[in-house]
Amino acid sequence: MTPDLQKKFAETCHGDRFQRVLPALLTRMGDGVFLVGEGGALLDFNAQACKMLGYAGRELANLKWSDLLAYPCDPGGCLVLQGSLEAKPPVHECVMRRCDGQMIPVEINAGRLEDESEELLFYLVRDISARKDAENRLRRSEQRFRSFFKNAAAGMAILNPIGDFLEANDAFCAFIGYEPHELKQMNVEQITADANLEETRRYYQQVREERTLCFNYEKEYRRKDGSHVCGRVTVAWVHDDSGRAQYGIGLVQDTTDQRAAQKDIERLVNFDPLTGLPNRRHFQDALLQDLARFEDSGAALGVLFLDLDHFKRVNDTMGHGAGDQLLRLAGSRLVELTGPSDLVARLGGDEFAVVLREINAIEDVAVIAEKVRQGFETPFICDGEECLISVSVGIAVVPDDGQDVEALLKNAEIAMYDAKESGRNLHRFYSSDIHARAAYRQLLDGHLAQALEKEEFTLHYQPQFNLGTGKLVGMEALLRWSNPVLGPIAPDRFICLAEESGLILKIGEWVLRTACRQARLWREQGFTGLRMAVNVSGRQFQEVHFAQRVARVLEECGLEPNALEIELTESCIMDNPDRVRRILLQLKEMGVHLAVDDFGTGYSSLSYLKGFPFSRVKIDRTFVHDVDTDPDDAVITQTIIAMAHTLGMEVLAEGAETEAHIRLLREYGCDEVQGFHCGRPLPEAAFTELLRQQLDSSSSPV
């Protein structure tokens, strides 16, 4: 700028100091300065003006102001000046054209200079390209955010520090069930479920009181229709320079299905899927917590261990569907028979357990256990049919019978097994005597598992006589066990253990093979016309190919099928009548004799048995024992014999121990007999001697 113009420009300003520094100011300032005369001629400009537009000084001096503009300014802009340097000058934005044709955005501050000869205009021009770029970037960023906010698959909302909704996207509205305009009139507390209300209030209180940048937690929301949904919410907060929160941007991910799946997993882990009751794991965890409370309060606590009696029979006779239904009904009945605060669980199979929490004394436990036992006397309805089943209950009481979960469950289970062995449909308290019996039972179990391998089993044979002729017609093979440590063990002590463990399958096959081999040996020695009776367990009849197994044993031993008689108890028949009938028919076709053992103690009748191919009925010893003293037993015995003969079956009476028994049985027309009066069970060598005596003698014990 020329000195004259600088002087003229400075004269319009006040103060000598300003006039002295003005030349340096105009030279060094970052804005371009243009002095325009009449007609828009460029009278002067500073170096920054040349640099801004890319012109040399002489090039710029030949141009007019209008040549520098990309398009004419707004009439209210720099072409019509208002104010002066002494007042607030007009400022507006415009676009100027550089010498290379590039357009640059500028901000123009215009003013008027007073001159005697002419009116001069000055323009302070600032290049705002960088600011415009930043504004454009910000605008594009805002547009992208708006687009993302609106179209995001996840729910998003903008809230103020007190939880009022400022804006919400479509996904969040769909998630919560409200329209955007409705949410703008609401607070976040209005859509928060009661369970998470205090937590939400605490978070927003923290936002208002301190510099909380973000919070993240899972909560339950209440939708407009009243239903509940779950979401993982993250809210990031924007603060002003003083650190106060201005607004928060929330992101909500729908976790309703995930929460439901998690609950399903928890149910699978902690609850029985069949009955809906707590399972063993949940029961043990709850009992552990109860024990901790017991230590603090000393309140009484009892544990019941329950097992349904003969549940397997229901599965076998009515099917597994009915069995499952019975388990569900049994679980529901247990809940009804116990207190509202008691815990009922299904431990597995047909085993249940109860924690009794509302008791004051041991006597209360006995009352509840008896109530449960009696409650099962009412029949269940399974698949439209009545199903009567009893329950055996074992009881353990805290702290006498255990102070930890494992001990209490174990001791209650021991007491339950004692109830089973005592006849079922009973309740038993745990005691040291019961524990001793259980320990002995466990000891037997351990030795029994190795008894077959160690050849500890033998067979004894009890003779069977024809009452009419007095001749020996057969023998029943009876299993005996003598252990080197425990000594002789009675069959009624170990047979049930073998059946429960499944060892009866191997033991039963050993008995069958040993008896058949011995029968063939005796026949080879000249003792012909005798039949070998072998009692078969119901577990053996569960094998589909049992008849084929018998045929293979007979072939291996070289024994004719008609020399073998298979004995089966009534209870075995009732376990699965259809399967038993099929197997019996297969055995009958082979020529094997078939007998019903212990008749009268089970559930069937002779009329029912006519549908099975039995050739012999064995009257149970309990009727024979008092046949000479109890009129009822005498009538029952006579009736069984008469009806069996009517159905074409022979009758053998067990347990004939006196001459009176023999005389009455003969009078009643019984065909055969066995018992101590006729002959005790004998080992193989002693029975061989008996056979020789019978062969050489015409005398008979009957």
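1. Helices (H or I, at least four residues) and strands (E, at least two) are DSSP runs, numbered from the N terminus. Arg293 is partly exposed at 45% relative accessibility, whereas Asp290 is buried at 4%; buried means under 20% relative accessible area, exposed over 50%, and partly exposed in between, with a 1.4 Å probe and protein chains only.

2. Some conventions should be kept in mind: residues are numbered from 1 along each chain as its sequence is written, and side-chain values use heavy atoms, with hydrogens and water left out. As the model is predicted, local features need pLDDT of at least 70 and side-chain atom pairs count only at pLDDT 80 or more, while totals for chains, interfaces and linings use all residues.

3. How many salt bridges does the structure hold? There are 43, and one of them joins Lys420 to Asp307, at 2.5 Å from N to O. This pair links distant parts of the chain, since Lys420 lies in helix H15 (residues 405-421) and Asp307 in strand S11 (residues 301-308), 113 residues apart. Lys420 is buried, with a relative accessible area of 13%, and Asp307 also counts as buried, at 9%.

4. Another salt bridge is formed by Glu556 and Arg513, with the closest N and O atoms 3.0 Å apart. Here too distant parts of the chain are linked, with Glu556 in helix H20 (residues 546-557) and Arg513 in helix H18 (residues 504-524), 43 residues apart. These two residues belong to a network of salt bridges that also takes in Glu509, Glu543, Arg549 and Arg552.

5. Turning to the rings, a search of the whole structure finds 17 aromatic pairs. Rings of Phe, Tyr and Trp (its six-membered ring) pair if their centres lie within 6.5 Å, and planes under 30 degrees apart count as stacked, over 60 as edge-to-face and the rest as tilted. Tyr203 and Tyr217 form a tilted pair, 4.3 Å from centre to centre and with 35° between the planes. Tyr203 lies in helix H9 (residues 194-209) and Tyr217 in strand S8 (residues 214-222), so the pair ties together parts that are 14 residues apart in sequence. Both Tyr203 and Tyr217 are buried.

6. A further pair is made by Phe541 and Phe546, which is tilted because the ring centres are 4.9 Å apart and the planes are at 35°. Phe541 counts as buried at 2% relative accessibility, and Phe546 counts as buried at 1%. Elsewhere, Phe165, Phe172, Phe175 and Tyr221 form one aromatic cluster.

7. The charged end of Arg333 sits over Phe380, 3.7 Å from the ring centre, and Arg441 lies over the face of Tyr417, 5.3 Å from the ring centre.

8. Which residues of H9 are buried? They are Asn196, Leu197, Thr200, Tyr203, Tyr204 and Val207. Seen down the axis of H9, the buried residues fall within an arc of 140° (taken from the directions from the helix axis to the C-beta atoms), so they line one face of the helix. The face turned away from this buried side carries the exposed residues Glu198 and Glu209. The cover over the buried residues of H9 includes strand S6 (155-159), S8, strand S9 (228-239) and strand S10 (245-254), where contact means heavy atoms within 4.5 Å.

9. Finally, Gly349 is found in the loop between strand S12 (343-348) and strand S13 (351-356), and counts as partly exposed at 43% relative accessibility. The C-alpha atoms of Gly349 and Lys312 are separated by 10.0 Å, although these residues are 37 residues apart along the chain.

Key
A charge sits over a ring if NZ of Lys or CZ of Arg is within 6 Å of the ring centre and within 35 degrees of the ring normal. A salt bridge is a side-chain nitrogen of Lys or Arg within 4 Å of a carboxyl oxygen of Asp or Glu.
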